[in-house]
Amino acid sequence: MKILGIETSCDETAAAVVEDGTKIISNMVASSQSLHAKYGGIIPENAAREQVKSIIPVIKEALQISENIDALAVTIGPGLIGSLLVGVETAKALAFAWNKPIISVNHLIGHVYANWLASPPSFPCIVLIVSGGHTELVLMKGHGKFVWLGGTRDDAAGECFDKCARILGLGYPGGPAIETAASNAPMTGSDPVQLPRPMLNQNNFDFSFSGLKTAVANALNEDSPHLRPSLSSTFAYELQEAITDVLVTKTLAAARRYQVKSILLAGGVAANRRLREKLALMVVSCKLNVELHIPPVQLCTDNAACIASAAYFNYQPILWSKITADPGLDFSRAR
Ligand code: KG4
Ligand code: ZN
């Protein structure tokens, strides 16, 4: 079965055709990120305008390789309302015009299914979903069978990268900027900057990242990175270590507690090389007998292939007229 996925929840306009939930036939992504870089963050109105311009060309490109599709899938939330509406209304119109089934997909579940586009994981799994707006740790017992274990109490991990990059003058989007700056940090042997590891030793699966942003801002007040450029890379390095230490430690604790067969990474922050490396190293050094699944970088950030895959494995078409964008959709109403 070939499904055309459509994803427009934030600043990417994406369309993809995926066969049987695992084989990518086409995968197109247009991003308005460079536009937002000028402002240091996303202006929702501008993102929605760009979605309108890109949606039809992107869908046409995705369909050039495979015209015959059996169904459509579209992200209904969570995300920015203006952006979501463009994808949702386009998908509904196409489902009606082509008389094809349509499946609505939760963006966060979509991220999880990036893992099925590489090699299918064994259940049960622990999934760490880390994106710009979400940090969730979930137990996945089967397709569509999720038990939410914990999440952030304030800022998401990606949000922390983005906000700290802004404070450090490193630009937008913050995650890749912090990663690059961190790789240029001088290895002095001493530890000039120390940031907290929030909630690391608490016996729960919750996170808190907003304090890190304050810690960075306070530490900076004592020293200006503009006067000493190497200092911003030192901060970036320590920030990346702090965030990844907490994410990896809690993920491994959940894997141990629930005796899972696999650990899955998902979401834009999963593109971070240090997070990928640290998780792999810790799985080995803790002698955890689990499969570790980390999707290719281009499938971690927003794309429509994972939306089509999620729809295939949770195939529940609904009437096109019943589909509505839901910007505040959370994990508990997962689909
Ligand atoms: O999943 P995603 O593309 O969009 C949302 O659903 O939010 O995630 C975007 C987030 C942003 O916060 C961005 O800074 C972060 O993912 N990100 C990264 C990296 N690439 C993207 N964070 C750390 N390291 C990266 N390499
Ligand atoms: Zn996303």
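## Loops and peptide bonds

P124 is placed in the loop between α4 and β6 (125–130); helices (H or I, at least four residues) and strands (E, at least two) are DSSP runs, numbered from the N terminus. The peptide bond that leads from F123 to P124 is cis, and its omega is near -5°. Another cis peptide bond joins G77 and P78, with omega about -5°. P78 belongs to the loop between β4 (71–77) and α3.

D20 lies in the loop between β2 (12–19) and β3 (23–31). The phi angle of D20 is near 50°, which is a positive value in a residue other than glycine.

## Basis of the model

This is a predicted model, in which local features need pLDDT of at least 70 and side-chain atom pairs count only at pLDDT 80 or more, while totals for chains, interfaces and linings use all residues. Residues are numbered from 1 along each chain as its sequence is written, chains are lettered from A and ligands numbered from 1 in the order in which they are written, and side-chain values use heavy atoms, with hydrogens and water left out.

## The site of ligand 1

Ligand 1 sits in the largest pocket. A pocket is an open set of points, on a 1 Å grid over the protein atoms alone, where a 1.4 Å probe fits, with protein on both sides within 12 Å along at least five of seven lines. A molecule sits in a pocket if more than half of its atoms lie within 2 Å of its grid points. Two or more residues of the shell around ligand 1 come from each of α4 (107–112), α5 (157–167) and α6 (174–183). α6 gives the largest share, four residues.

There are 18 residues around ligand 1, and H111, G132, D162, G175 and E179 come nearest; a residue counts as near if one of its heavy atoms lies within 4 Å. The shell divides into four nonpolar, 11 polar and three charged residues.

## Contacts of ligand 1

The side chain of D162 has an N or O atom 2.7 Å from an oxygen atom of ligand 1. For the side chain of D302, the corresponding distance to an oxygen atom of ligand 1 is 3.1 Å. G268 has a backbone N or O atom 3.0 Å from an oxygen atom of ligand 1. Taken alone, ligand 1 exposes 550 Å², and the protein buries 88% of that (Shrake-Rupley method, 1.4 Å probe).

Key
A polar contact is a pair of N or O atoms within 3.5 Å; within protein, one must be able to donate a hydrogen and the other to accept it, and residues adjacent in sequence count only if both atoms are side-chain atoms. On a 1 Å grid over the protein atoms alone, a cavity is a set of points where a 1.4 Å probe fits but cannot get out, and a pocket is an open set with protein on both sides within 12 Å along at least five of seven lines; lining residues have an atom within 4 Å of a point. Ala, Val, Leu, Ile, Met, Phe, Trp, Tyr, Cys and Pro count as nonpolar, Asp, Glu, Lys and Arg as charged, and the others, Gly among them, as polar.
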